[in-house]
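This report concerns a single protein chain, shown below with its sequence. Please keep both in view while reading.

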Amino acid sequence: MPYSGVVIRVITGHWLIGTHAERLKLMTHDFCRSCQDEEEIESIKHFLCERPALAQRRTKHLGSFFFSEFHELSEVPPFRMAKYIISSGWYEIA
């Protein structure tokens, strides 16, 4: 799968975590597996913008430690977004 496909799946919500996995009746978690905090919902927004465990990778690839909202990511080139997603270890390229 090309890197652009990785980015498209993640930003459109067609990634097998959180609510999308739940809709497909796949194994899912109510909370973030990385944070191990039952208050943190496992979601794409949490992954892209907030997950503390990925803050250094987020800074390296996306240019910021944290993002408040998705729209802040609109300036990030897709290839940098793909590098962040792949470097997280949470997305496998088939």
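**Overall architecture and confidence**

The model is predicted. The protein chain contains five helices and zero strands, and along the sequence its pattern reads α-α-α-α-α. Of its 94 residues, 34% count as buried. The accessible surface comes to about 6000 Å², and 55% of that surface belongs to carbon and sulfur atoms. Among contacts in the protein chain with a separation of 6 or more, 41% are accounted for by residues 24 or more positions apart.

The average pLDDT of the protein chain is 79, and 72% of the residues score at least 70. Confidence is lowest in helix α2 (residues 18–23), where the mean is 63, and highest in α4, where it is 95. Where pLDDT is low, the predicted coordinates should not be read in detail.

**Helix α4**

Helix α4 spans residues 55–62, and within it Ala55, Arg58, His61 and Leu62 are buried. These residues lie on the same side of α4, because they cover an arc of only 140° around the axis. Gln56 and Lys60, on the other side of α4, are exposed. The packing partners of the buried residues of α4 are α3 (44–50) and α5 (78–87). Just after α4, Gly63 adopts a positive phi of about 90°.

**The nonpolar core**

The largest nonpolar core has 17 residues, of which Phe47, Leu48, Leu62, Leu73, Met81, Tyr84 and Ile85 touch the most other members. The elements that contribute two or more residues to this core are α1 (3–12), α3 and α5.

Not counting residues up to four places away in sequence, Leu62 touches Leu48, Arg57, Phe67, Leu73, Val76, Arg80, Met81 and Tyr84.

**Aromatic pairs**

A pair of aromatic rings is described by the distance of the centres and the angle of the planes. The structure holds two such pairs. The pair of Phe47 and Tyr84 is tilted, with 5.3 Å centre to centre and 40° between the planes. Phe47 lies in helix α3 and Tyr84 in helix α5, so this pair ties together parts that are 37 residues apart in sequence. Phe47 counts as buried because its relative accessibility is 0%, and Tyr84 counts as buried at 0% as well.

Phe65 and Phe66 form an edge-to-face pair, with 5.1 Å centre to centre and 85° between the planes. Phe65 counts as partly exposed, because its relative accessibility is 44%. Phe66, at 36% relative accessibility, also counts as partly exposed.

| Pair | Arrangement | Centre to centre | Angle between planes |
|---|---|---|---|
| Phe47 and Tyr84 | tilted | 5.3 Å | 40° |
| Phe65 and Phe66 | edge-to-face | 5.1 Å | 85° |

Arg51 is located in the loop between α3 and α4. With a relative accessible area of 0%, Arg51 is buried. Leaving aside neighbours within four places in sequence, Arg51 is in contact with Cys32, Ser34, Cys35, Glu42, His46, Arg58, Phe66 and Trp90.

Cys35 is found in the loop between α2 and α3. Its relative accessible area is 23%, so Cys35 is partly exposed; the cut-off for buried is under 20%. Apart from neighbours within four places in sequence, the contacts of Cys35 are His46, Arg51 and Pro52. Cys35 and Ala53 are 18 residues apart along the chain, and their C-alpha atoms are separated by 7.0 Å.

Thr12 belongs to helix α1. Thr12 counts as partly exposed, because its relative accessibility is 46%. Thr12 and Ile44 are 32 residues apart in sequence, and the distance between them in space is 9.2 Å, C-alpha to C-alpha.

Technical notes. Residues numbered from 1 in each chain as written. Predicted model: local features only at pLDDT ≥ 70, side-chain atom pairs only at ≥ 80, totals over all residues. Heavy atoms only, no water. Buried < 20%, exposed > 50% of the residue type's maximum accessible area, 1.4 Å probe, protein only. Helix = DSSP H or I, 4+ residues; strand = E, 2+ residues; numbered from the N terminus. Arc of directions from axis to C-beta. Contact = heavy atoms within 4.5 Å. Phe/Tyr/Trp six-rings, centres within 6.5 Å; stacked < 30°, edge-to-face > 60°. Areas by Shrake-Rupley, 256 points an atom, 1.4 Å probe, with all protein chains shown as cover. pLDDT = per-residue confidence, 0-100. Core = buried A, V, L, I, M, F, W, Y, C linked by side-chain atoms within 4.5 Å.
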